[in-house]
Amino acid sequence: MDDHLDFHFLFSDSYVVAADASSPWFRRRNVQLADLISHASWVLAPEESVTGSMTQHALRNCGLGLPKATVFAGPVEVRMNLLKTGRFVSIFSTSALTFLDHRHTVRKLPVTLPGANIENGIFTLKDRTLNPIAHRFIE
């Protein structure tokens, strides 16, 4: 980290594989990550994004390659809307699933992504006084 920055931890988040409740993958009783990698249609975040790099890291930890993405889409809302067609699976943070799926039709699939965790926080400049609103938000 840069010597001029401080990191203020807010919360830890994990990444999960998700599908819409209408997806055939969601209705299966026994879903394996390897099956999803090989056979599902994926909508993925670009590799250079935080979610894309987390996806690569997590799947390497599992000994699996990257899925062949049918669609690459940067905005979370685009990936979420494509999932709602029931034709795709994707990887989201649990906070994105909580806050962006207002109808709660997109759900976590019962597979594990080891090491797919990220700390969320705020960077501030060292030796600078925060305004009261920013300070209150961090608390």
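1. Leucine 44 has phenylalanine 72 as its bridge partner in strand 3. Strand 2 (residues 42-44) and strand 3 (residues 69-72) run parallel and are joined by three bridges; two strands pair if DSSP finds at least two bridges between them. Helices (H or I, at least four residues) and strands (E, at least two) are DSSP runs, numbered from the N terminus.

2. A word on the model you are looking at. It is predicted, with local features needing pLDDT of at least 70 and side-chain atom pairs counting only at pLDDT 80 or more, while totals for chains, interfaces and linings use all residues. Residues are numbered from 1 along each chain as its sequence is written, and side-chain values use heavy atoms, leaving out hydrogens and water.

3. Now follow the chain through helix 3 (residues 50-61): together with strand 2 and strand 3, helix 3 makes a right-handed β-α-β unit. Right-handed means that, with the strands pointing away from the viewer, the path from the first strand over the helix to the second runs clockwise.

4. Look next at alanine 58, which lies in helix 3. Alanine 58 counts as buried because its relative accessibility is 1% (buried is under 20% relative accessible area, exposed over 50%, partly exposed in between, with a 1.4 Å probe and protein chains only). Leaving aside residues up to four places away in sequence, alanine 58 touches Leu113, Pro114 and Ala116, where contact means heavy atoms within 4.5 Å.

5. Finally, phenylalanine 7 sits in strand 1. Phenylalanine 7 counts as partly exposed, because its relative accessibility is 30%.
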